[in-house]
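Please open the model in a viewer and keep the sequence panel at hand.

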Amino acid sequence: MALNGMQIYKLLPRKNCKECGFPTCLAFAMKLAQGGTEAEKCPYMSDEAKAQLAEATAPPMKTVKFGANDTEYTLGGETVLFRHEKTFVNRPRFAIMFSDIMAQEEIEKKINNINTINYTRINEEMYVEIAAFRCESQDKDRFISLIKKVTESCPKVVPMIITESPEIAEAAVGICADKGPILFGANEQNYEAMTDLAKENKLLLGVTADGKENLYTLVQKLQNTGYKELLLDAGSRNLKGAFDDMVNIRRTALLSGDRTFGYPAVAFVCDMSQDKMMQLACASLFIEKYASIIVLSDMDYSMALPLFALRQNIFTDPQRPMRIEQGIYKVGSADEESPLLVTVDFALTYFIVSGEVERSKVPSWILIPDAGGYSVLTAWAAGKFNAKSIAKAVKEFEVENKVKTRELIIPGKVAVLKSDIEDELPGWKVTVGTEEAAALPNFLKKYKAK
Ligand code: B12
């Protein structure tokens, strides 16, 4: 439980030495309770008090990891219930469910989809991160051969081993421990053996119970063993129940500061409906509230594009537009005769435009002035993308030393800037480009040919 300012004050040496930068120990304690400073700033605190404070001032939700090397992921660590209050930090990861009683054809189809999906948006490469394996046959060899087949065919995925049998779990972990798998299936009956296995291999342990109350008691038992790398599942396998579980677990952790529920949770969307569009809708909901792992039956491109884009949008800091650094960027082997385009420093706009320029195969330059991190029209309406800011960038980034053409292509949406820019940059000609970036490849080919 979090401590309040007075409780923290009682742990301090109360010397009012001011060495922490605060006028009194009480002022320091109050700030510490709000998370505005760190306990280490007090040079005279006992080790015991430090340990107590570290526990009390730790974020209400634990940060855990799974995977290994290039495919290591972080979950949890959230501090707010709503994105606009601050920001969400660790995006959920997508898993595709495999079962060892599934037909070979279906397994092949899912493998193929996992290997096909690769979506790059705003410079982030997105793909399916996890393959979940449910042992339904209770046949160890059959289960292991499924895990082997899928992990060999999809080298990037991290396995999630789902079984309630410690013996099968141990065998499964044995063949993929180097991938940092998630071990899912610790319950009331097996939790001691499952915890030992997770501890030994430093794995994220999925804890499952029938209902929130049972889960709460089970997590307390697990915490008493000292193992806290946990992933929660309150057992609901329908939309209404799982949504209720997610919201209650997160609210208990963040609003009541109760760390028993201060762990990430998993949503088994694959069990909520067999309809693809319904799974898409459920997964969208759980991106926002509040799953850290979302298990789907399958994912093809028509599901991946909206899910990945939504996840990326939700898990960015709402107070900071995703910006790219101002400057002049080369696309392809541009030289001093290549076309020069100007756009804004809003990352979404830049990557759409640079993607289309690449697609045109016409080597070009892209100039990025300071536009406040906004889209073309937003920046223009806010007075941040205009003749003066563009002319300033032309000078600041010494564009005239790189491009000899003295021609600048501006976005079609701000055609009104043409004559103002020509006034600001004597000797330059401004060409109004297309309104949409998708039309740029044709435009550039014609522009280059003229
Ligand atoms: Co606003 N906003 N907004 N806004 N906003 C809109 C832009 C719009 C059009 C809404 C409207 O009224 N219909 C108006 C502008 C109207 C106008 O002046 N013509 C508007 C306004 C008025 C404002 C405010 C002034 C409102 C206010 O406060 N009174 C403020 C200004 C900000 C400020 O003062 N602080 C405002 C604020 C915002 C917020 C909420 C902050 C967000 C901004 C997020 C951000 O930009 N980082 C916001 C948004 C999201 C929008 C909205 C809905 C989408 C903008 C967007 O993201 N577009 C639009 C409405 C709309 O467009 N549907 C209104 C997507 C990007 C990728 O598009 O940058 O234009 P883009 O790039 C495309 C093209 O221009 C082209 O390619 C891209 C893809 O096709 N392109 C090209 C880009 N560069 C180049 C370069 C070349 C050479 C070429 C050829 C093509």
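A salt bridge is a side-chain nitrogen of Lys or Arg within 4 Å of a carboxyl oxygen of Asp or Glu. With that in mind, select R134, D233, R237 and D271, which are joined in a network of salt bridges. The model is a predicted one, in which local features need pLDDT of at least 70 and side-chain atom pairs count only at pLDDT 80 or more, while totals for chains, interfaces and linings use all residues. Residues are numbered from 1 along each chain as its sequence is written, and side-chain values use heavy atoms, with hydrogens and water left out.

**Further salt bridges**

Across the whole structure, a search finds 24 salt bridges. Side chains of opposite charge can pair when their charged atoms come close.

Select E229 and K62 next: these residues form a salt bridge whose closest N and O atoms are 3.1 Å apart. The pair links distant parts of the chain, 167 residues apart, with E229 in the loop between α8 (212-224) and β10 (230-233) and K62 in the loop between α3 (47-57) and β1 (63-68). Helices (H or I, at least four residues) and strands (E, at least two) are DSSP runs, numbered from the N terminus. E229 is partly exposed, with a relative accessible area of 24%, and K62 is also partly exposed, at 27%. Here buried means under 20% relative accessible area, exposed means over 50%, and partly exposed lies in between (1.4 Å probe, protein chains only).

Move on to E124 and R91, whose side chains meet in a salt bridge at 2.8 Å, N to O. E124 belongs to strand β5 (residues 124-126), whereas R91 is in the loop between β2 (71-76) and β3 (93-99), 33 residues apart. Is R91 buried or exposed? With a relative accessibility of 14%, R91 counts as buried.

Then select K149 and E108, which form a salt bridge at 2.7 Å, N to O. This pair connects helix α5 (residues 140-153), which holds K149, with helix α4 (residues 104-116), which holds E108; the two residues are 41 residues apart. K149 is partly exposed at 28% relative accessible area, and E108 is partly exposed at 40%.

**The ligand**

The shell holds 27 residues, and the closest are T343, T349, S375, V376 and E436. Several polar contacts (pairs of N or O atoms within 3.5 Å) can be displayed here. A polar side-chain atom of E436 lies 2.6 Å from an oxygen atom of the ligand, and a polar backbone atom of V376 is 2.8 Å from a ligand oxygen atom. A nitrogen atom of the ligand lies 3.1 Å from a backbone N or O atom of G373. Two or more residues of the shell come from each of β14, α12 (347-360), α13 (376-381) and β16. The largest share, five residues, is given by α13.

**Helix α14**

Next, select helix α14 (residues 387-396) and display its buried residues: A387, S389, I390, A391, A393 and V394. Which elements do the buried residues of α14 pack against? They are β14 (340-342), β15 (364-368), α15 (399-402), β16 (407-410) and α16 (418-424), where contact means heavy atoms within 4.5 Å. E398 follows α14 and has a positive phi, near 45°.

How values were computed:
Near = heavy atom within 4 Å. Polar contact = N/O pair within 3.5 Å; in protein donor to acceptor, adjacent residues only side chain to side chain.
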